[in-house]
Amino acid sequence: MVTPVPLKDALLAVLVMLFWGVNFVVIDWGLHGVPPLVFVALRFALVVFPAVLFIPRPPVRWRSLMLVGSLMSLGQFGFLYTSLALGMPPGLASLVLQIQAAFTVLIAFLAIGERPRQHQVAGVVLGMVGLGIVAAGRGGATPWAALLLSLGAAACWAAGNVASRRVGTASGLSLTVWSGTIVPIPMLALALVVNGPAEVGHAFAHLTLANLASTAYTACLASLLGYGVWNSLLARHSASSVAPFSLLVPPVGIATAWLVQGERPTPLVLVGGVVLLAGVGWTSLGARLVARRPVPA
């Protein structure tokens, strides 16, 4: 059985979700003029250096570090950035990616035997219903390739959650930095194959202020701070308890896209957001609320 997340850690998780919700619009803003795989390499180069020179490597095997980095960083963001470059709207991307919460509960059960409580299963199901309502309300044509890549990013994130949980290091920041060492060189090499040396060289020679600002936000706030806290939470609590907090990301992402890019949500999207938040609340706080019920004499 899993235990509920304490209030202090729950508030930290909510703060991370705010950073991650805004992150989708920031990524989309910074992608202009830069191939997506190059942009991922730039992001994690800034995540790793110079932090890797000052932060000790976590006391785990290199194989475990590389597994976490391959799933949670290289796989997730390689797929996500390419999806956005192919036309995935940022608000919709923030929505689709959160199906990883359901993937995480399933993978955690199959891989490491974490049995979620009934209220957590009910909360995740309710959250997924909310996500479905939001998806139906958004409408619009989205390329199938972009949608499938976003689902691939969600699957990588979910598997990375479970891998991070199995590592169990108390320092989420060191795990974020050192697991990120696997990203820059392979991603840049893949960009050279996919886009060609000329396009990659042109991108580096013509980086704009928007490219640099977006890279700084995604590296410092979304990765170093966000995943540092996230991996620490996964080390202290079960994956099934932590992952559902990510359902808060779509409302933040959709609201940011509305305010910054003029993507106005429909009434159905708003209804879905309320249902989604109800699912998150019941998943994370359901055990505490049930425990407070008076016992009949």
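**Exercise 1. State where Ser-174 lies in this predicted model, and decide whether Ser-174 is buried or exposed.**

Solution. Ser-174 is found in helix α9, which covers residues 172-179. The next step is the accessibility. A residue counts as buried when its relative accessible area is under 20%. Ser-174 has a relative accessibility of 3%, and therefore counts as buried. Finally, the neighbours are listed: leaving aside residues up to four places away in sequence, Ser-174 touches Ile-55, Pro-56, Pro-58 and Ser-179.

**Exercise 2. Determine how helices α2 and α10 are oriented to each other, and describe the residues of their contact.**

Solution. Helix α2 comprises residues 36-48 and helix α10 residues 184-195; their axes come within 8 Å and cross at roughly 165 degrees. Angles over 145 degrees count as roughly antiparallel. The two helices α2 and α10 are therefore roughly antiparallel to each other. Their crossing is left-handed. On the α2 side, the contact involves Leu-37, Val-38, Val-40, Ala-41, Phe-44 and Ala-45, and these meet Pro-184, Met-187, Leu-188, Leu-190, Ala-191 and Val-194 of α10. Sorting the residues of this contact gives 12 nonpolar, no polar and no charged.

**Exercise 3. Examine Val-38: give its burial, and its distance from Leu-190 in sequence and in space.**

Solution. Val-38 is placed in helix α2. Its relative accessible area is 1%, so Val-38 is buried. Along the sequence, Val-38 and Leu-190 are 152 residues apart, yet their C-alpha atoms are 8.8 Å apart in space. Residues up to four places away in sequence being excluded, Val-38 touches Ala-191, Val-200 and Phe-204.

**Exercise 4. Classify the packing of helices α1 and α12.**

Solution. Helix α1 (residues 7-30) packs against helix α12 (residues 209-236) at an angle of about 150 degrees, and the axes are 9 Å apart. With the limit of 145 degrees applied again, α1 and α12 are therefore roughly antiparallel to each other. The handedness of the crossing of α1 and α12 is left-handed. The residues in this contact divide into 20 nonpolar, 6 polar and 2 charged.

Terms used:
Residues are numbered from 1 along each chain as its sequence is written. This is a predicted model: local features need pLDDT of at least 70, side-chain atom pairs count only at pLDDT 80 or more; totals for chains, interfaces and linings use all residues. Side-chain values use heavy atoms; hydrogens and water are left out. Axes are lines fitted to C-alpha atoms, for helices over the stretch in contact, and angles run from 0 to 180 degrees between N-to-C directions. Helices (H or I, at least four residues) and strands (E, at least two) are DSSP runs, numbered from the N terminus. Angles under 35 degrees count as roughly parallel, over 145 as roughly antiparallel, 65 to 115 as roughly perpendicular and the rest as oblique. A crossing is left-handed if the near helix is turned anticlockwise from the far one by less than a right angle, and right-handed if clockwise. Contact means heavy atoms within 4.5 Å. Ala, Val, Leu, Ile, Met, Phe, Trp, Tyr, Cys and Pro count as nonpolar, Asp, Glu, Lys and Arg as charged, and the others, Gly among them, as polar. Buried means under 20% relative accessible area, exposed over 50%, partly exposed in between (1.4 Å probe, protein chains only).
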